[in-house]
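Here is a short tour of one protein, written to be read with the model open beside you. Have a look at the aromatic side chains to begin with.

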Amino acid sequence: MAAFLPLTAISPLGWRRWLTVVTVLLTVCGCSDPAAEENEALREKIIEVHDEAMDKIGYMFVLETRLKKLQPSPEVPADTLEESIAALQQANREMFGWMNQYQTLYVTGDISQDTRYRRQQLEKIEAVSTLTTEAIAAAEHILSAD
C-alpha cells in the first residue's frame with residue numbers, strides 16, 4: 001500500500017536522497033569504457049565490410065558463368081578469360097576462408113587483445129572486399145568488351 005503514496009507524501013529529505021540515487025545511477029550508466037567502444041566499433045565495421053562483400057557473391061557466380069560461356073577472341077584472349085575466372089573463384093574462396101576462421105565472440109577476457117584481433121580481422125576482410133571488387137571489375141570489363 002505504501003508504494004502507492006502520492007509523491008507529495010515523501011519528505012524533502014527523501015527527495016534529495018532519491019535525486020542523489022538517480023543522479024549516481026545515471027552517471028554510472030552514462031560512463032562508458034573507450035576500449036569497449038572501440039572494440040564494438042571494430043566489430044560493427046567488420047560486419048559491415050563482410051556484408052557488403054558477401055552481397056556480391058551471387059553476382060560473382062553469374063559473372064563466372066557468363067565468362068565460361070565466352071569464346072576466346074582477339075579482343076579477349078583465352079588467358080585473360082582464365083585469369084578473370086580464377087580471380088572470381090579466388091575472391092569467393094577468400095571470403096569463405098575468412099568466414100571459417102573469424103570468431104564473432106571475444107577471443108580472450110582481455111579487451112585490448114580482443115581489439116587487436118578485431119583490427120587484424122578488419123584488415124583481412126577489407127583485403128577480401130578489395131579482391132572481390134577488383135575481380136568483379138575485371139570480369140565486367142571483359143564482358144563489356146565482348
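## An aromatic cluster

Trp98, Tyr102 and Tyr117 come together as one aromatic cluster. Keep in mind as you look that this is a predicted model. The count of aromatic pairs comes to two. One of them joins Trp98 and Tyr102, a stacked pair with 4.7 Å from centre to centre and 20 degrees between the planes. Both Trp98 and Tyr102 are buried.

How are the rings of Tyr102 and Tyr117 arranged? Their centres are 6.3 Å apart, and their planes meet at 10 degrees, so this pair is stacked. The cut-offs explain the call: ring centres must lie within 6.5 Å to pair, and planes under 30 degrees apart count as stacked.

## Where the second pair sits

## The protein as a whole

Stepping back, you will find five helices and zero strands. Read from the N terminus, the order of elements is α-α-α-α-α.

Of the protein's 146 residues, 25% count as buried. Among contacts with a separation of 6 or more, 75% are between residues 24 or more positions apart.

Methods
Residues are numbered from 1 along each chain as its sequence is written. This is a predicted model: local features need pLDDT of at least 70, side-chain atom pairs count only at pLDDT 80 or more; totals for chains, interfaces and linings use all residues. Side-chain values use heavy atoms; hydrogens and water are left out. Rings of Phe, Tyr and Trp (its six-membered ring) pair if their centres lie within 6.5 Å; planes under 30 degrees apart count as stacked, over 60 as edge-to-face and the rest as tilted. Buried means under 20% relative accessible area, exposed over 50%, partly exposed in between (1.4 Å probe, protein chains only). Helices (H or I, at least four residues) and strands (E, at least two) are DSSP runs, numbered from the N terminus. Contact means heavy atoms within 4.5 Å.
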